[in-house]
There are 2 protein chains.
Amino acid sequence: MVDARGLAGQLRTVLGDAAVITDRQRLRTYECDGLAQYKVTPALVVLPRTTGQVAAVVRACAAAGVPFVARGSGTGLSGGALPHADGVLIVTSTMRSVLDLDIVNQRAVVEPGVINLHLSREALPHGYYYAPDPSSQQVCSIGGNVAENSGGAHCLKYGFTTNHVTGLELVTPAGDVVQVGGKAPDAPGYDLLGALVGSEGTLGIATKVTVRLTRSPEAVSTLLAAFPDTDRAGAAVSAIIAAGVVPAAIEMMDALAIEAAEAAVHCGYPPGAGAVLIVELDGPGADVEHEFAEAERLCRASGATEVRVAADDAERALFWKGRKSAFAAVGRISPGYIVQDGVVPRTALPQVLRRIAQLSADTGIRVANVFHAGDGNLHPLVLFDDAVPGESARAEEVSGAILDLCLEHGGSITGEHGVGADKARYMPRMFDADDLDTMQLVRCAFDPQSISNPGKVFPTPRLCGERPGRHQGTHPLAEAGVAEVF
Amino acid sequence: MVDARGLAGQLRTVLGDAAVITDRQRLRTYECDGLAQYKVTPALVVLPRTTGQVAAVVRACAAAGVPFVARGSGTGLSGGALPHADGVLIVTSTMRSVLDLDIVNQRAVVEPGVINLHLSREALPHGYYYAPDPSSQQVCSIGGNVAENSGGAHCLKYGFTTNHVTGLELVTPAGDVVQVGGKAPDAPGYDLLGALVGSEGTLGIATKVTVRLTRSPEAVSTLLAAFPDTDRAGAAVSAIIAAGVVPAAIEMMDALAIEAAEAAVHCGYPPGAGAVLIVELDGPGADVEHEFAEAERLCRASGATEVRVAADDAERALFWKGRKSAFAAVGRISPGYIVQDGVVPRTALPQVLRRIAQLSADTGIRVANVFHAGDGNLHPLVLFDDAVPGESARAEEVSGAILDLCLEHGGSITGEHGVGADKARYMPRMFDADDLDTMQLVRCAFDPQSISNPGKVFPTPRLCGERPGRHQGTHPLAEAGVAEVF
């Protein structure tokens, strides 16, 4: 393997001097993404401006056997864009043009560095927007959203990034430029988009992204409901969904999260609430009016002590302010915290929340719960103080135990933040060896050298040289007698 | 390669005598699927009843290098289940249990042989149904739907099979049994479901399918609108979609299709119409009422000469009767016909229909148009008489020219019937060599021996032994100087 720094001269010829960074001080500004607990200084950073330049960098890496990692805005929370110490970090944030705003066909084609919210701003005057809305939407890039299959509060109704991407231009780990999908969905042949979206940079780098634009809703209605505890708030969530109402968003915060938000932004949530729900409906006016009344009724029937309906956009913004600032607000009540991301079936929410509370009581580690309740996507904030010896380690344990709870209830180790560098070790808790091996067949097909964001997603890289096929002895049916397969 | 017949003894031990067919006469009943123009008698047919039996058959094939083809009900229209003369046909129609009807989580787990409509019948008493509705839904199997990513009239609003499958149990071409996805969407790791659904049996055989169940709509409203010509009917389609209304279905039939349907089933469509539209809306009552009025108004504004609104289920069924019988009805006005399946952007419908009419006039080959107008998914019926020398060959030419028209307008060579044996030769008209090669990386990863439904989808099988990577000289950037990549 050539040292990545050895490629600097060659890449300067292709990208220009200013777009190749080798200065140690400047390299350090890229040492982590939004998950700051992992830090690695990359050997080299490049700032390409075109697909051709990205392909040229990847081809240089492939020829030299040098690993590379793609990075957009660097806001990810699983360390998916964590650099490789001996590799090239390919930063796409300078590729930020909206190339085509095709309103008639409800599509946009964008470069990977385009900021999520900027796309919606461009589409809004035409009556459209880009639906997936991560909390970081003011700064996160579409390319990063594609890599991590990002979600957001309104993905309950509208789906995740994968449901809004209809085409990708991809630079493969060999440096080929290929087109997968396009403006129309469901093209003939293999639909590789699903595998590419959410592959966290391990199958190549998206250089153009074709996305659906969603029509701006005619009406939006939002309520804030206070409950004595999370059990009753959870019951309201289940009742609303069971009634066939699909809100745009249902968000829950527990007492500790409310306390933090109040301390930070004075959002004026009902005092003394054990839990609050924000329920937002959007769509055709007639529909929203009818279903919103139903949602309000179900909150009260489930034990809400107070229900406030947003009278206007200003009041709606106030409801959301507490929710959106909750992660950062936790800093007001704790010096350190871990943002966890797990999923449980919606119906298991009350049990899992009770188990988390028990875990917290048993360990003395405080846990604030802020989450996308409609999806069952938990974001427990596990609080700790580094000044207390051993507390951060205990917080890590609690955080891991929460994932085990999610799996025990039929859930998942990540809802929307991705596996990245952080959760690769948890993958075997969710998938057996054959399932992981099958995924890695695809990894090896695209990236036989394992140079495209290595060390992410998979705990144990598959040896790509081996002949794909059945592994003797590992298969549950391998030793099965004839009687067992009848 | 061992002769497939040589496996008969071994497979009888595993499956039992009755489930292995070698009798020539009985083998011939499997010689084609719904596309009867291709006929191949398989060497061997097996009727497995469990996942273990399917895996055992596939392992036997893999060990011997014998090709295999999976078949459900055999209703496909692209020859996707066309047998291999030297291979084993694995018929899954005896695996037809609904294993789990999980109403609370809105999911069902079914065996691949379950008939599409049977699943809806089981879910209906609980207020749910399975949304994708191919015209063959009374007889086609869910396994076949998964293989071909089947569509249907109501897929405009609800999406294709791929949007309703959340998990698969798959027997890989090596005979491994793996689980991909589950009841929850968007699991960590690669989402391989998209690639598997619609892979037409080339990546393995689904032995269990987890699907979404959709809540039965509160209200359904249907109208039939007559227009002087397809131009004005097409304008109505565009106007309805542009107004933000998403009907459950918008179907169009032209004059020749109406004539055929009238001759066959006396559906009583407005006499003298140059085109009819069936527009169906479903959803919450308040929403449907509001939007249906808008759709009706837009039909009239676009030049409808008559608009009928279905007063009850009986009248709605009558509207649909003409549409659903149209393919078969064409037999009343022509001894032979080809069912084509192409897609164009909705906005290009009027031009493409005019070009098809011109093509018909130039060649003397009649073309009846019946299609999912909302999706731009054309089903031209190209009529011919085998008794007229050369006419069937000219019909084939016209049918192919229609696909070229679709591509020329930014469309696709298949909307919902798949590529199968029939359209593999058209794939290079839609995809360039690098794009097809990238798809085949996945094929080779799963099926390095090319034994899983070989000869389908891809016109030229990739040589799986070659090292995946960039092909010198084939890439547009390979010879590009530095100046070109800036």
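**Notes on the predicted model of chain A**

1. Let's start with contacts: among those in chain A with a separation of 6 or more, 71% link residues 24 or more positions apart; a contact here means heavy atoms within 4.5 Å. This is a predicted model, in which local features need pLDDT of at least 70 and side-chain atom pairs count only at pLDDT 80 or more, while totals for chains, interfaces and linings use all residues. Residues are numbered from 1 along each chain as its sequence is written, chains are lettered from A and ligands numbered from 1 in the order in which they are written, and side-chain values use heavy atoms, with hydrogens and water left out.

2. Now the overall build. Chain A has 17 helices and 19 strands, these being DSSP runs (helices H or I, at least four residues; strands E, at least two) numbered from the N terminus. Its radius of gyration is 23 Å, close to the 23 Å from the globule rule for 486 residues, so chain A is as compact as a globular protein of that length. That radius is taken over C-alpha atoms, and the rule is 2.2 Å times the number of residues to the power 0.38.

3. On burial, 61% of the 486 residues of chain A count as buried, meaning under 20% relative accessible area with a 1.4 Å probe, protein chains only.

4. Strand β8 of chain A, residues 165-171, deserves a look. Seven of the seven residues in β8(A) are buried. Six bridges tie β8(A) to strand β10 (residues 205-212) in an antiparallel pairing, where A:E169 has A:K208 as its bridge partner. Two strands pair if DSSP finds at least two bridges between them.

5. β8(A) also runs antiparallel to strand β9 (residues 177-181), through five bridges, and A:L170 stands opposite A:V178 there. Five residues lie between the strands of this hairpin, and A:G175 takes a positive phi near 95 degrees.

6. A:V165 is buried, with a relative accessible area of 7%. Leaving aside residues up to four places away in sequence, A:V165 touches A:V146, A:L193, A:V197, A:V209, A:T210 and A:V211.

7. Elsewhere in chain A, four strands make an open, mixed sheet in the order β1-β2-β4-β3. β1 (20-21) and β3 (68-71) stand at the edges with a single partner strand each, so one side of each has no neighbour in the sheet. β2 (residues 44-46) and β4 (residues 88-91) run parallel, joined by three bridges; A:V46 has A:I90 as its bridge partner in β4(A).

Terms used: Buried < 20%, exposed > 50% of the residue type's maximum accessible area, 1.4 Å probe, protein only.
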